[in-house]
Structures are given as structure tokens and as C-alpha cells.
Amino acid sequence: MNTNKKKHGVRIFHNVFFVVAGVGISEAAFAYVGPGAGFAFLGSFSALFLAFFAAVVSLFVWPVRFVIRSLRRRKALGQSRQKRMVILGLDGLDPKLVDRWIAEGKLPNLKNLAEQGSYSRLATTYPSISPVAWSSFMTGVDPSRHNIFDFLNRDVRSYKPKLSSSEVGPATRNIQVGDWIIPMGKPLIQNMRKSRAFWSILGDHGITSNILRVPLTFPPEKFAGALLSAMCIPDLRGTQGSFTFYTTNPTEAGEGEETPEATGGDRCLVKIEDGVINTSLSGPGNSMRKDGKPLKIPFSIKVNMKKREGVLSIGGKKYRMKEREYTPWIPLLFKPAPGVKVHGLARFYITKMTPDFGLYVTPINIDPGKPALPISWPSYYSIYLSKLIGEFATLGLAEDTWALNERVIDEAAFLQQTLDYHEEREQMLFNALKKSREGVVACVFDGTDRLQHMFFRYLDDKHPANKGKDIEKFKDTILEMYMRADEMVGRVMDMLGPDEHFMVLSDHGFESFRHGININSWLRQHGYLYLEEGATESGDWFESVDWSRTKAYAFGLGGMYINQAGREADGIVARGKETETLKKEIIAGLSGLRDDAHDDVAINEVFDNAVLHPSGPYRDNGPDLIIGYNRGYRASWEGAVGRVTDTIISDNTKSWSGDHCIDPRLVPGVLFSNRKIVTEDPGIGDLAPTILTQFGVKVPEHMTGQVLSVECPASAAAV
């Protein structure tokens, strides 16, 4: 087998080095992932042992905790306006499409919900990026107070990216015995989001919550309730999602003269010999060994071309596969050392049998039944869910958008994946509604967001990404997902009592993403960014950038940074007046930037982060300037990873054809409520203080969101 591992530069997140290490003879296993996706493995034996131990301890302390919680709960519920609040998050649900399809009679349950209570647009955050908005949803503060400004943050010492949501470090002490490396301590696992979530505050008052797949909850935090983490949970290899693709075609494997784009995963060349393919699947790197080589699991596929099917043999079990059908979740066991086991899950999918064979393997998910790292609170909650509904996707960004971007899979395969994961989450939600009769039940669904990212071109006849691709077969896919969400809303409403508050919301809306803008290229052409002598373009993450002359740089999906002296390692712009003058120059130069080729405004306005967020303690951790792109435009793929090219504006031809990382005023979310909300212009940061108030809990002074005025039915006053 020949494996061609391309640099994962264009993805929002990078594959980076990580470590697996064991302690003693138990099955405990730990891993470190550097900038972009850090985490620590906790083997299944330890997870189950800790779950059992926690249950025993809880049994003994339960009476005391029950009394204390009852007293707090009685005090809070004495002023509460409801017994239970149900929050349904539909990521990316767009108000323009909602209005259109309600008017056409295609979303009857959302229409009913609006008529029963209220419906309005919901202002999103600056920038309008999912981790930023959902962080404001849960904390009731702006980004300068919760510290999340993008998927990525930059390391001011190296200008390299690091994941903004979590930070993980290896054990500080190790022992080396020959070629073996044994850690002598636990790794660091830290959530970089600051400020407390509303469910944690409710828990202090004896009000429990069941929180499912709300973004930016990894690693999970201890509170009075249950939580399953979501966005930013890595895969078992330590990335934010890396597929593996096996093919008998050298070109598709990246070994031909016309090498395909390969940034989202590994491509492996295989051979069919006597009707059988023998190969292996790469997992996490093994840093218990000095060489740190990836752990591998051998497998084979016996191919039957006539029946267009195969038999997969892996881990001592056999699975019958049919062309263009996913296998169920298949357990994967990696053994970095004797007595050390790391468990994962993946699904296999034969993309084609002829003229060449193709096999796609999803990113290796953390096994929720034998979690290799903390993905839920309590730790046994994911185990409970896996026993209840079966194995499920745990990866934070589970739908493999990059596999479709690179055309490793097609729209049908991506759609099936999205619907399957949506179904898994529906089962979790309705179980929670049956089991959690008080407090808060909140669940966020990603399918609306992912399908709009990848299928928005079907709603835009002029989209550059339509060239050479189908433009008819999946034209109604987004509508059908909205209708499925609407049907789910109806089922939730049927389960509600008269004293229960139900809200449906989205973190932002959506627009077509036709053209990309490379801000770094604009900065270079206007004398704010320089390359090293002789360089005409840079590589990813500012390779070949001359920092001694560079005043500003951009990466990520919405921000620009001043190369400030005393902050960045090689900063040259003085704080104070010089920085402020430079920001004003760039704002004036970029605001209203025109795309002459398409006779349109590409950038509406550039916002000064210090003006948007004047007093937050974490303001300086975010970008100095936030780019408000116009409809149809977004940061280019190259600019997002810190690459400098000769082109400022280019067509977006990837399947990822819709986006929301633009001027936040253009992409508000939605807010439906079965109780009338009379406050005008609600924002996503207003929901946390409103939820606390609805339960009779005083809003903490640090929250910047306003309390929305909610009209309650007469029956609610008696709760």
C-alpha cells in the first residue's frame, strides 16, 4: 500500500502531532494533540471504572446533596415562570428561507408556533461564526467576555494557529525506558471558553438541565445535570475530522501526474489481488514509542464485482458491504502498548466498484460507549446514550464536508451521512424530553447548517460551483431538511404541557458564497504585508512572510490582526496612536471594496473590535478588525489559512457554496417562542439572562445580554 499524505492546509483545522501514552498495566491511555485539536485519551477501562466509582460516591453523598438542592430549588421555583423549558437549536436556520417557506405552507408547525407565541429575527454576534454565537447563547456575554472569536486563534509567539475552544497539554513528566515513553502524570484538558453557561448557574439553584450537542461544550464541565459535548470534539487521530480514501486509481490516490486536491484526509493506493484488497487503517500516533508512528489496524475486503458488493474483515469480524451504502458504526481497537487500548468508531462506504475501486472511511470517532476522552458529563452519560440508541457520531463536526469538497464522496453520500446523524440526535432529544420533566432540555441540530454549506449552490443558478456538477437532483434538499426540522418541532410541541416554555432558535442565517477575498493579498498589494526577498507567494500560515516589515495580517474566517509590538513575537506597530492610525487606514481602504469583475461591493464595512467590544477582559485575544463581507463573498480558502497569493478576489468553485461568515447584519438567526416575546431586536446573547429570569434566578452582573420581555400564560404564574 502506498499512502500519499498531503498537507492539510486548506482546512479550517489542521492535522498536527499528538501523543498516546499509557500508565501502568491498566487500559488507561492518554494523548496529546498540538495546535488545532488537542485532547487527551482516557481508555475505556478507566472510563467505566470512574463511572462506577462516581456512582458509588454519589450514592453516599446523595442525601446531603438532595437536601441542599431541594432548598435551593424551592427558593428558585418560588419565582419561576415555568416547570420546564425546551430549547431546540437549528444551526443556520435562515429567516429569509423560513419566511418564504412558511408563506408557501411548507413549514406549518413553525407557523403555528409563531402564531401561538412569537417569531422574530435574532441578531447574531460579531463575527457571525457558529462557535462565537453559541458561546454567547450559553453565557449571555459578548466575545470579549467569553474569549471565542473564531474556530481558530493565533499563537502570538509563532503566528501559527491553535484551536480557540480548548487547550490540551501532555504530561509534564515522562520516563523513557528503551524505546518506550511512559508519562508520569495526567495531561491538561482545558476549555478556553470563559464565563459560565446558564445551565451551570441554574444548577447552583437546584434546577437541573439536559444539554445535548450544544457547540463549544468540549471538554464538558461539571454541573447539576447531564451534557453531551459537540463542536470541537476531535476525532481519534486528533484532528477536527480526517477521512481515509482507498482507491485502485493512482491519480485519485495522488500519485499520478494530475494530483487531486488532498487537504481533508489521507489517500491510499491499493491493489485487488485474487479478488481481495489487503490494507490497513491509520489511527493515532503512538508516542509510547520513541518513533511515534501511527497505530494501524489491518483489514481486507473481498470484492465481488458482479454483485457490486464486498465483505469487509476487520477486528476479527466480517461485514457485508454494498456499493454506495454505509456500514453501521464499526468498532476499532488500537493497542499502543500491552494492556493499553484506545477505542474508536468509523463507517465504511464503497464509493464505486468500476472502472476503479473506491472506499471511503469516515473520520475515526471517539467511541461513546468506551470513551477515550471526556465527551460528556457525567462521564458515563455517553455510555448510557450508546446503550440506549446504539453507537453514534461523536466528532464535533461529524458531517464530512471536506470529503465532499474534494469529491471523494458525492452529494448523495454526504446527504445520507447528514440524515443519519440527524436521526441519532433526534433519538437523544426525545429520550431527554421523556426523562427530564423539569428544568431545561436543550439540543442543537447541525444538519440545517451543514446542508446549506454544501448545497446552497442549488438555490443559486449563477454560483461558480455549479460548473461541471449536477444542478437539479438535490435542488430541494435544503427545503426538505427545513421540513424535517419543522416536523420535529411539531412532535416536540405535542409533548409540551401548558406551563412549559418552548423556543426554537438559530445562531445565524445563510447566504450564497460565490467569491472569496484574500485579505492578505490585499494587504500585500497595499504595502501592509511583505514577503521575504525572492518570494512571490507564501505557503500556509504565513510561510515566507517578512514579519520585520509586515504591519497587518489575516487568517481565520472573519478577522485581521495588527502586527503589534509587545504582543506579537515580531510585532513592529507601536501600541496606541500608531495602531489606531493604522486601523483607520485599513478600515477606510477595505470598507466598500468593489469587485469590478462582477460589478458589486465585496466588503460592506470593516469593524474595529475595540469599538464593538470596548471593555471585555479578553478583547485583545480576538482580531483587531472584523471584516463585514457583502452577500456572495467570504474570506477565501487561501486567505483563511494565512496564505498570500497574487489574487485578491477569486471564484469559489468548491461544493462548500453557502456561508454566514459575513457582515453579521446580513445573516441574523431566528427566534420562535410559544410565549410571546415583546422585546424588539433580540440578540443571541439575550437568551441566557432571559432563561435565568424565567426560572426565577437572578442574572449575574457580568452578563451583557438584556432580559427579554416574555408574556406568560396565566397558568404559568402558579408554577
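**Note on the predicted model**

1. Ser 300 lies in strand E17, which covers residues 294-304, and the structure discussed throughout this note is a predicted model. Ser 300 is buried, because its relative accessible area is 16% and buried means under 20%. Leaving aside neighbours within four places in sequence, Ser 300 is in contact with Val 276, Ile 277 and Asn 278, and also with Val 311, Leu 312 and Ser 313.

2. Ser 164 is found in the loop between strand E7 (161-163) and strand E8 (166-169), and Ser 164 is buried, with a relative accessible area of 8%. Not counting residues up to four places away in sequence, Ser 164 touches Ile 148, Asp 150, Phe 151, Leu 152, Asn 153 and Met 192. One of these, Leu 152, is twelve residues from Ser 164 in sequence, while the C-alpha atoms of the two are 4.8 Å apart in space.

3. For the chain as a whole, the secondary structure comes to 16 helices and 38 strands. Among the contacts with a separation of 6 or more, 68% are between residues 24 or more positions apart.

4. Which residues touch the most other members of the largest nonpolar core? This core has 63 residues, and those with the most such partners are Leu 88, Tyr 360, Ile 409, Leu 429, Phe 455, Phe 502 and Val 504. Helix H11 gives the largest share of the core, nine residues. Leu 429, leaving aside its neighbours within four places in sequence, is in contact with Leu 88, Leu 212, Val 441, Cys 443, Phe 445, Met 488 and Val 492. Apart from this core lies another, of 46 residues, including Val 444, Cys 661, Ala 688 and Leu 708.

5. Two pairs of packed helices deserve a careful look, and two packed helices are described by the angle between their axes and the distance between the axes. Helix H3 (residues 108-116) and helix H11 (residues 477-494) pack at about 50 degrees, their axes being 7 Å apart, and that angle makes H3 oblique to H11. On the side of H3 the contact is made by Pro 108, Asn 109, Leu 110, Asn 112, Leu 113 and Gln 116, and on the side of H11 by Asp 486, Glu 487, Val 489, Gly 490 and Met 493. Sorted by class, the contact of H3 with H11 has five nonpolar, four polar and two charged residues.

6. Helix H7 (residues 381-389) and helix H9 (residues 411-435) pack at an angle of about 105 degrees, with axes 11 Å apart. H7 and H9 are therefore roughly perpendicular to each other, since angles of 65 to 115 degrees count as such. In this contact, Tyr 384, Leu 385, Leu 388 and Ile 389 of H7 meet Glu 424, Gln 427, Met 428, Asn 431 and Lys 435 of H9. By class, the contact of H7 with H9 has five nonpolar, two polar and two charged residues.

7. The last point concerns helix H4, residues 130-139, which is mostly covered, with ten of its ten residues buried. Among the buried residues of H4 are Pro 131, Val 132, Trp 134, Phe 137 and Met 138, as well as Ser 130 and Thr 139. Just after H4, Gly 140 takes a positive phi of about 75 degrees.

Technical notes
Residues numbered from 1 in each chain as written. Predicted model: local features only at pLDDT ≥ 70, side-chain atom pairs only at ≥ 80, totals over all residues. Heavy atoms only, no water. Buried < 20%, exposed > 50% of the residue type's maximum accessible area, 1.4 Å probe, protein only. Helix = DSSP H or I, 4+ residues; strand = E, 2+ residues; numbered from the N terminus. Axes fitted to C-alpha atoms, helices over the stretch in contact; angles between N-to-C directions. Parallel < 35°, antiparallel > 145°, perpendicular 65-115°, else oblique. Contact = heavy atoms within 4.5 Å. Nonpolar A, V, L, I, M, F, W, Y, C, P; charged D, E, K, R; others polar. Core = buried A, V, L, I, M, F, W, Y, C linked by side-chain atoms within 4.5 Å.
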